[in-house]
Amino acid sequence: MIQFIKRLIFAWKYKRAVKKAIKLAKLTGLRYFVVYMNGSLKVAPKKTFKELIAKKRFRRGTTIQDIEKSALFITK
């Protein structure tokens with residue numbers, strides 16, 4: 001039962017993050033990712049991830065393709 005409630009909460013947070021990503025993508029014209037990081041869902045543009053990779057924020061060898069593969073949702 002506890003697992004079911006956790007799934008419901010995650011599903012609600014996921015749907016809310018996807019809606020936010022779509023809304024921001026329409027407003028700005030950028031591609032947005034919904035990524036699970038540090039125990040929560042993050043909505044960020046692809047441009048930001050590219051900058052973080054350039055600043056060595058991620059582990060050495062991480063590419064934008066790796067982040068795209070692990071993203072839960074990508075706007076078109």
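A salt bridge is a side-chain nitrogen of Lys or Arg within 4 Å of a carboxyl oxygen of Asp or Glu. I kept that in mind as I opened this structure.

**Ground rules.** I am looking at a predicted model, where local features need pLDDT of at least 70, side-chain atom pairs count only at pLDDT 80 or more, and totals for chains, interfaces and linings use all residues. Residues are numbered from 1 along each chain as its sequence is written, and side-chain values use heavy atoms, with hydrogens and water left out.

**Entry: the elements.** I looked up the secondary structure and found 3 helices and 3 strands. Helices (H or I, at least four residues) and strands (E, at least two) are DSSP runs, numbered from the N terminus. Read from that end, their order is α-β-β-α-α-β.

**Entry: the salt bridge.** How many salt bridges does a search of the whole structure find? I got 1. Its partners are glutamate 68 and lysine 46, with the closest N and O atoms 3.1 Å apart. I traced glutamate 68 to helix H3 (residues 64–70) and lysine 46 to helix H2 (residues 46–54), so the pair links distant parts of the chain, 22 residues apart.

Is glutamate 68 buried or partly exposed? I noted partly exposed, because its relative accessibility is 25%; buried means under 20% relative accessible area, exposed over 50%, and partly exposed in between (1.4 Å probe, protein chains only).

**Entry: the whole chain.** I read that 22% of the 76 residues are buried. The C-alpha atoms fill a box of roughly 45 × 30 × 15 Å, taken along the principal axes.
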